[in-house]
Amino acid sequence: MDGAKPAAAAGGKKGLEEALLQIVQRHHHQSLRQRQQTDRAKKDALRSAARVADLLVDTVDGGVQELFVNEKRIELEARALLTTITRYRKQTDQWLAATNEINSVLKEIGDFENWMKIMDFDCKSVNAAIRNIHQS
């Protein structure tokens, strides 16, 4: 019996080693599967995050591009408005100069008319004086 025990123990020991080896291998395979699943989930999460980031950038870029286009349009309109204002200012200055010149001419005409009235009055006075002298 003593001889049977070591053989049974040796057989039990071998079975135990095989069972432990199977457990270790199963654990190793499960760990590999779990690591692969974790890596896949990590890659999926990175792809999703990159996609979200791309969508956000596209959204922001679209808004920025629209703002840039609007800014350029406003700048062009402001330049056109400035050109129009400059043209109107020159035209207004020309009108003001012409109006001042007309006022000056009208003043000169008024001065000449007044001078003519004075001269007429003086001529009539001289004529009356000469008549008075001639009649006396």
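A residue counts as exposed when its relative accessible area is over 50%, as buried when that value is under 20%, and as partly exposed in between. His27 reaches 52% relative accessibility and therefore counts as exposed. The residue lies in helix α1. These assignments refer to a predicted model.

The overall fold was examined next. The chain contains one helix and zero strands. Helix α1 covers residues 4–135. The C-alpha trace spans about 195 × 20 × 10 Å along its principal axes. The radius of gyration of the chain is 57 Å, whereas a compact globule of 136 residues would have a value near 14 Å.

Pairs of C-alpha atoms give further distances along the chain. His27 and Val64 are 37 residues apart in sequence, and their C-alpha atoms are separated by 54 Å. Lys90 and Glu17 are 73 residues apart, with a C-alpha separation of 106 Å. Lys90 is placed in helix α1. With a relative accessible area of 56%, Lys90 passes the 50% cut-off and so is exposed.

Accessibility was then considered for the chain as a whole. Of its 136 residues, 0% count as buried. The accessible surface amounts to about 12,600 Å². Carbon and sulfur atoms account for 62% of that surface.

One nonpolar surface patch is formed by Ile102, Val105, Leu106 and Ile109. The area of this patch is about 360 Å². Val105, one of its members, belongs to helix α1. The relative accessibility of Val105 is 40%, so the residue counts as partly exposed.

Charged contacts were searched across the whole structure. The search finds four salt bridges. Among them is the pair of Glu75 and Lys72, whose closest N and O atoms are 3.9 Å apart. The cut-off for a salt bridge is 4 Å. Both residues lie in helix α1, at a spacing of three residues, or about one turn of the helix. Glu75 has a relative accessible area of 29% and is therefore partly exposed. Lys72 is also partly exposed, because its relative accessible area is 39%.

A salt bridge also joins the side chains of Glu77 and Arg73, with an N to O distance of 3.6 Å. The two residues are four positions apart in helix α1, so about one helical turn separates them. Glu77 counts as partly exposed because its relative accessibility is 47%. For Arg73 the relative accessible area is 45%, so this residue is partly exposed as well.

Asp120 and Lys124 form another of the salt bridges. Their closest N and O atoms lie 3.4 Å apart. The pair sits in helix α1 with a spacing of four residues, about one turn of the helix. The partners fall into two accessibility classes. Asp120 is partly exposed because its relative accessible area is 40%. Lys124 is exposed, because its relative accessible area is 53%.

The structure holds one aromatic pair. A pair of this kind is described by the distance of the centres and the angle of the planes. Arg87 lies over the face of Tyr88. The distance from Arg87 to the ring centre of Tyr88 is 5.5 Å.

Technical notes
Residues are numbered from 1 along each chain as its sequence is written. This is a predicted model: local features need pLDDT of at least 70, side-chain atom pairs count only at pLDDT 80 or more; totals for chains, interfaces and linings use all residues. Side-chain values use heavy atoms; hydrogens and water are left out. Patches are made of residues with over 30% relative accessible area and no salt bridge: like charges are joined within 9 Å, nonpolar side chains (Val, Leu, Ile, Met, Phe, Trp, Tyr) within 5 Å. Accessible areas come from the Shrake-Rupley method with a 1.4 Å probe; for residues, only the protein chains shown count as cover. Buried means under 20% relative accessible area, exposed over 50%, partly exposed in between (1.4 Å probe, protein chains only). Rings of Phe, Tyr and Trp (its six-membered ring) pair if their centres lie within 6.5 Å; planes under 30 degrees apart count as stacked, over 60 as edge-to-face and the rest as tilted. A charge sits over a ring if NZ of Lys or CZ of Arg is within 6 Å of the ring centre and within 35 degrees of the ring normal. The radius of gyration is taken over C-alpha atoms; the globule rule is 2.2 Å times the number of residues to the power 0.38.
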